Each structure stands twice: as structure tokens, then as C-alpha cells.
Amino acid sequence: MGFSQPRALRLATHPDLVACPDCDALHVRRELSAGEVARCRRCAGVLERGDRLSIDGQFALALAALIVFALANLTPIVTLDLRGVELRVTLYEAMLRTWQSGQHAVAVLAAATAFFFPLAVILLQLWVVAPLARGRRVPGGAVALRSLHWLLRWSMVEVFMFGTLIAVVRSAGLASVVPGVGVFSFALLTLLLAANQATGLHALWRRVARGGA
């Protein structure tokens with residue numbers, strides 16, 4: 001025989017209220033026009049941003065990011081020509097060689113920032129926006145958005161790109177270096193993730209709180 005949770009302990013949701021992420025001050029939510037920014041009256045922190053992209057647009061960006069992510073990881077980042085010997089290096093091969101050379105911390109950091117965190121961000125975005133694009137409820141939406149908010153701090157594809165460009169420049173004096181499809185894919189992936197991140201999570205939180213409406 002099951003027991004119902006006491007009413008006083010039930011978790012209440014208030015889609016008409018928004019809490020400041022910096023100081024926790026509560027504000028009454030209002031509809032924002034595209035590009036408009038609502039700020040906290042106490043600390044001037046950003047509460048919400050007006051939707052610049054529709055849910056369909058965010059879904060398209062996330063899907064494009066997943067395709068580009070696959071290209072970036074399956075195609076060579078650079079092709080090295082050392083005295084007639086060509087070596088095509090993918091992200092996996094670069095991380096493996098770095099690990100084998102004894103630089104374990106660098107290999108782990110590269111794998112986290114260039115593979116695991118970006119992939120988790122893309123999959124979580126799709127987990128949230130795919131049901132919303134169909135007008136459906138997002139299963140585990142609150143947990144997914146909290147996880148996405150945390151992962152966005154650690155998904156640093158741009159840092160990996162910067163390190164790759166430095167490595168290419170430093171290798172130019174030792175061998176002929178030709179940038180591959182992978183490095184251009186990572187550049188495009190950086191732009192796609194930045195564009196999706198610029199839309200913010202505020203509208204997604206609001207839609208999830210309203211049950212996908």
C-alpha cells in the first residue's frame with residue numbers, strides 16, 4: 001500500500017516567478033521581446049533574455065552541431081608530410097599519442113574539453129529541445145537543464161582550437177603541415193555551440209516549467 005506525500009512537502013513550481021541566479025531574489029516573470037534582457041533589481045544580474053531563436057531553430061543548431069562534431073572526430077585534423085612520409089592525425093590519434101608520450105594530464109584535458117564535454121552538451125540540448133519542438137513534455141527536463149548549465153562552463157572547444165593552431169604553427173618548421181577537414185569542423189563546431197549558447201537557457205527553463213507549452 002503506497003503513501004501519498006504530505007501536501008506541505010510537495011515540491012511546488014511557479015512558472016510565473018524567476019529567481020536571480022546570482023542573489024536568489026525572486027521576480028515576477030514577464031514576456032520579453034526578441035533580444036530584450038531582464039535584469040535583477042538587487043544585483044543587476046541577468047534574469048532572462050528574449051528568444052532570438054525559436055525552438056525549431058535551436059533544434060536545428062543542436063542537430064547541425066552533432067553532425068559537425070562527428071566530422072570533427074572522424075576526419076583528420078592535420079596531415080603531416082615529413083620527408084615524403086604522410087601522417088594523417090585525427091583527434092583520437094592525437095590524444096593517444098599524447099598519452100603514450102607520458103603527458104597523461106594533457107591527454108585527459110584534451111579528451112574532456114574537445115570530446116566528452118562538447119558531446120554531452122549537444123546530447124543534452126537535443127534531449128531538451130527535441131521534445132519541445134514537437135510540443136511534448138521533456139522527461140527529466142529540470143535535471144537535464146541543470147546538467148547543461150554546469151557542462152557549458154567546461155565545454156571549451158575554442159581552447160582546444162587555440163592549442164591546435166599553436167601546435168600547427170610550431171610544427172610548420174619541422175614538417176609540411178596541411179590542415180584537415182577535422183580542424184575546420186572544430187572551428188565550425190565552436191561557432192555552432194557559441195550560437196546555441198547565446199540563446200540562453202532561460203526560455204528553455206520557462207517552457208519546461210510549463211510542460212512544453
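1. Let's start with a pair of helices: α1 passes α3 in a left-handed crossing. Keep in mind as you look that this is a predicted model.

2. How are these two helices oriented? α1 and α3 pack at an angle of about 150°, and their axes are 9 Å apart. Angles over 145 degrees count as roughly antiparallel. α1 and α3 are therefore roughly antiparallel to each other.

3. Now try finding the residues where they touch. On the α1 side, the contact includes I55, F59, L63, L66 and F69. On the α3 side, F115, L119, I122, L126 and V129 are among the residues that meet them. What kinds of residues make up the contact of α1 with α3? They divide into 18 nonpolar, three polar and one charged.

4. Next, the core. The largest nonpolar core has 39 residues, and those with the most contacts inside it are V128, L189 and L204. At least two residues of this core come from each of α1 (55-74), α2 (91-100), α3 (104-133), α4 (141-151), α6 (181-198) and α7 (202-209). Which helix gives the largest share of this core? That is α3, with 12 residues.

5. Leaving aside its neighbours within four places in sequence, V128 is in contact with V138, A144, L145, L204 and V208.

Terms used
Residues numbered from 1 in each chain as written. Predicted model: local features only at pLDDT ≥ 70, side-chain atom pairs only at ≥ 80, totals over all residues. Heavy atoms only, no water. Core = buried A, V, L, I, M, F, W, Y, C linked by side-chain atoms within 4.5 Å. Buried < 20%, exposed > 50% of the residue type's maximum accessible area, 1.4 Å probe, protein only. Helix = DSSP H or I, 4+ residues; strand = E, 2+ residues; numbered from the N terminus. Contact = heavy atoms within 4.5 Å. Axes fitted to C-alpha atoms, helices over the stretch in contact; angles between N-to-C directions. Parallel < 35°, antiparallel > 145°, perpendicular 65-115°, else oblique. Left-handed = near helix turned anticlockwise from the far one by under 90°. Nonpolar A, V, L, I, M, F, W, Y, C, P; charged D, E, K, R; others polar.
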